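Please open the structure in a viewer and keep its sequence beside it.

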Amino acid sequence: MSLFLFNLATLIGTLIGASVIVFLVLEILPGNAAQMLMGPDASPDAVAALATKLGLDLPAWTRYWHWIGGLLTGNLGDSYAYSSPVLDLILERLALTMPLALLAMFFTTVIALLVGVTAAARHNKLGDVGLMGMAQVGIAIPNFWFAILLILVFSVKLQWFSAGGFEGWGDGFFSGIKSLLLPALSLAVVQAAILARITRSAVLEVMREDFVRTARAKGVSQRMVLWTHVLRNAMIPVITVMGMQFSELLAGTIVVENVFYLPGLGRLIFQAISNRDLIVVRNCVMLLAAMVVIVNFVVDVLYAVIDPRIKASDI
């Protein structure tokens, strides 16, 4: 329990450190948000008045504490560019970005486990070499280039999917999922290739254990041994990488959402940076940082669920 509390304290400390870094990095950026909003021809008095209204004339440490207080109470302030609460903007965009990241994680997991376990079962054979060769190619493919390729093939050539845009969930769940299939696949291809190689290595290591030979000697089929006994014992490094990859998928939506013109969190961040809407950028980046830390903490907790040899008190 003491180690669990230590990890929890580490999580909180990491979030505090991340908030300080995010705030300071945005503070030292050149430019003036009030000037951007008013335009280059605005008078200095008008710019100064807007800066006072937005609280930009306050000391940095005062604005930091106001921001932290808002994070704790759910009051993230109002966007400079949209003139609406930042929390509402984030929640509205998360309704697209979170399903997109989860769908991409689903594709990543399914593809990686199938390829990794199959390659390990055919170790040093043609199937292993071919699958790992494909995985190496997948690692080298930029997700934005693969996204454009998917649009050319499935949207322009075959016309099976829309080339971009998202009409919302009002037309039904499956209609919304269909709009996210191509973006999710473009996000998943690189991560699946990486995870497949990790899965193969972990499975090969477990296959050398004595209990695997014992199970095979008792007449258990190779498929049953691989998918029931070996894979579960090989999941610790796989789960660790999956936790980091989910965070990367969330960050990767910034590029993919702009390719597919999706109104998600990534596109919101891109637009906020263009408009120098720092209050939106700050809160979105802090949200992504918090997700990374929390996902890693959840992965640590899952270790005890996946591997009985790890006790909850050891987390």
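Which element gives the largest share of the lining of the second largest pocket? That share, five residues, comes from α13.

The model is predicted: local features need pLDDT of at least 70, side-chain atom pairs count only at pLDDT 80 or more, and totals for chains, interfaces and linings use all residues. Residues are numbered from 1 along each chain as its sequence is written, and side-chain values use heavy atoms, with hydrogens and water left out.

**The whole chain**

Begin with the chain coloured by secondary structure. It holds 13 helices and zero strands, where helices (H or I, at least four residues) and strands (E, at least two) are DSSP runs numbered from the N terminus. Next, colour by accessibility. Of the 315 residues in the chain, 42% are buried; buried means under 20% relative accessible area, exposed over 50%, and partly exposed in between (1.4 Å probe, protein chains only). The chain exposes about 16800 Å², of which carbon and sulfur atoms supply 68%; these areas come from the Shrake-Rupley method with a 1.4 Å probe, and for residues only the protein chains shown count as cover. Among contacts (heavy atoms within 4.5 Å) between residues at least 6 apart in sequence, 74% join residues at least 24 apart.

**The second largest pocket**

The second largest pocket has a volume of about 410 Å³. Select Leu-71, Leu-72, Leu-76, Met-286 and Ala-290, which are the closest to its centre of the 17 residues that line it. Two or more lining residues come from each of α1 (2–27), α4 (60–73), α5 (86–121) and α13 (278–306). By class, the lining of this pocket has 14 nonpolar, three polar and no charged residues.

These terms rest on a 1 Å grid over the protein atoms alone: a pocket is an open set of points with protein on both sides within 12 Å along at least five of seven lines, a cavity is a set of points where a 1.4 Å probe fits but cannot get out, and lining residues have an atom within 4 Å of a point. Grid points are joined across faces, edges and corners, and a volume is the space filled by probe spheres set on the points. Ala, Val, Leu, Ile, Met, Phe, Trp, Tyr, Cys and Pro count as nonpolar, Asp, Glu, Lys and Arg as charged, and the others, Gly among them, as polar.

Stay on helix α13 and select Asn-283, which lies in it. Is Asn-283 buried or exposed? Asn-283 counts as buried because its relative accessible area is 3%. Residues up to four places away in sequence aside, Asn-283 touches Trp-67, Leu-71, Leu-76, Val-86 and Ile-90.

**The nonpolar core**

Now select Val-203, Leu-265 and Val-280, the residues with the most contacts inside the largest nonpolar core, which has 76 residues. Helix α5 provides the largest share of this core, 15 residues. Such a core is a set of buried Ala, Val, Leu, Ile, Met, Phe, Trp, Tyr and Cys residues joined through side-chain atoms within 4.5 Å.

Around Leu-265, neighbours within four places aside, the contacts include Ile-90, Leu-94, Cys-284 and Leu-288. In helix α12 (residues 265–274), the buried residues include Leu-265, Ile-269 and Ala-272.

On helix α5, select Ala-104. Ala-104 counts as buried because its relative accessibility is 0%. Beyond its neighbours within four places in sequence, Ala-104 is in contact with Ala-184, Leu-187, Ala-188 and Leu-249. Its C-alpha atom is 8.3 Å from that of Leu-181, 77 residues apart along the chain.

**The cavity**

A search of the whole structure finds one cavity of 30 Å³ or more. Select Ser-162, Gly-164, Gly-165, Ser-179, Phe-260 and Leu-262 to display the lining of the largest cavity.

**Loops**

Asn-124 lies between α5 and α6 (126–140) and has a positive phi of about 65° although it is not a glycine. Tyr-261, in the loop between α11 (235–259) and α12, has a positive phi of about 55°. Glu-209 is found between α8 (173–207) and α9 (210–217); it counts as partly exposed because its relative accessibility is 40%.
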